[in-house]
Amino acid sequence: MSDFQQAFDNPPEVRGVWSKKWDYRAETTGVADVQPMWIANMDFETPQPVKDAVIRRAELGIYGYTAVDREYHEAVINWQRTRHNWEVREEWILHTPSVICGIQTAVRALTDRNDYVLVQPPAYHPFFRLLHQTHRRVLESPLLDRGDHYEVDWADFEAKLRDYRPRLFILCNPHNPVGKVYTPEELRRFGTLCRQYGAIVISDEIHGDLTLPGTRHTPFGTLGEEFAQNAVICTAASKTFNLAGLHLSNIIVPNADLRGRMRDALTEAGFPAPNLFALVAGNAAFREGAAWLDALRDYLAGNRALAESYIAEHIGALHTYRAEGTYFLWLDCRALGLDNAGLEQFLLRDARIWANQGHIFGKQGAGFVRLNLALPRAQLKSALERLTQAVNKH
Ligand SMILES: Cc1ncc(COP(=O)(O)O)c(C=O)c1O
């Protein structure tokens, strides 16, 4: 067994550190010992070189104003080049404390109140929230449910662009919650239609490094100049290396006009320079985290294979959707015949699993749950066993 796998199997216990995932279980769910499989945080320790770099910097005891050094940008650029074959220029990179903040900035900078913004439910729920908060209108082109995977409804997608003229399309690739990784052909088709009807593409690629082994992620910026010039591409080290609490994302905008408008919106909102420790951690992660990431992807694939085969074998009533990326399992629980509140309570109280309920991703998700598979395999197994017993009892 590799050292990486050993570490994934035995992460440190996270208690009493204000962890959103672990420390508020009883007060949030009413069940103290639930297995948290909801929020998109992994239970694994970040790569050792990242931890070492943060500790080294912390030991200095001087935490004054810090510049975003070229060294950090070089790490970002080199990562996109070597992992994803994308040549990013330094001046294209903007920084926000989070990807959602980057998307919200794009919405404010590039659209007006009451404009339509196109999304594809089941979709990452904060997209809906941020559009409501900024008084934009949500325009939905739901993915087509094919029973064990999803496809784009191209006729509907084009009709929505043509009939409503949304100013933006928020693409999520890999797609949270269903784990779909779009092909270059699909992405070009999105890009072509959006150019034709005048919508800018916001490509949320926060899970781009987390494809299953054998599946390639295609950054929207690699499709060709005309597509890159019509896009805002949202990336971060946060999901890849489990650094979400440090708050830094890299929003890559090749088009100078769009970038200028986004920069103005960031200035107007008063965002400061990035957090020192986020820069230190991100720099170390992009420079020294590749081997860890490859081991992680193998481990996550192992967890997914286990969950899929276990559910197929032991829990005939539930069925899994296949995914090519993310660490989420999209699980169809409709056969249990429970409403939204009933399904949530069933999972919490009977299976002692804290999941994301599918309906929060749009009404198409009702009866589904999203399970986070980034946990030690032994804990996954015991969650699956409890789920089996609960379903059998039900
Ligand atoms: C698709 C997607 N976008 C954005 C985010 C949030 O990232 P951030 O914390 O950087 O806003 C998540 C987190 O789960 C996500 O899954």
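Mentor: Start with the polar side of the interface. Between domain 1 and domain 2 there are 22 residue pairs in polar contact. This is a predicted model, and both residues of each such pair have pLDDT 80 or more.

Now look at what domain 1 brings to the side that touches domain 2. Four elements each supply at least two residues there: α12 (290-314), β11 (319-320), β12 (328-332) and β15 (368-372). The largest share is from α12, with 10 residues. Sorted by class, this side of domain 1 holds 18 nonpolar, 8 polar and 11 charged residues.

Charges also pair up across the interface. The rule finds 4 salt bridges between domain 1 and domain 2.

Step back to the chain. Domain 1 comes in two segments, 3-47 and 290-393, while domain 2 covers 51-288. The contact draws 37 residues from domain 1 and 38 residues from domain 2. Over C-alpha atoms, the centres of the two domains lie 25 Å apart.

Finally, the area. About 3300 Å² is buried between domain 1 and domain 2, and carbon and sulfur atoms give 53% of it. On the domain 1 side, look for R297, E324 and F361. These residues supply 21% of the area that domain 1 buries against domain 2, more than any other three residues.

How values were computed. Residues are numbered from 1 along each chain as its sequence is written. This is a predicted model: local features need pLDDT of at least 70, side-chain atom pairs count only at pLDDT 80 or more; totals for chains, interfaces and linings use all residues. Side-chain values use heavy atoms; hydrogens and water are left out. Domain bounds come from an automatic or database domain assignment. Contact means heavy atoms within 4.5 Å. Buried area is the accessible area (1.4 Å probe) that two parts lose on being put together, summed over both. A salt bridge is a side-chain nitrogen of Lys or Arg within 4 Å of a carboxyl oxygen of Asp or Glu. A polar contact is a pair of N or O atoms within 3.5 Å; within protein, one must be able to donate a hydrogen and the other to accept it, and residues adjacent in sequence count only if both atoms are side-chain atoms. Ala, Val, Leu, Ile, Met, Phe, Trp, Tyr, Cys and Pro count as nonpolar, Asp, Glu, Lys and Arg as charged, and the others, Gly among them, as polar.
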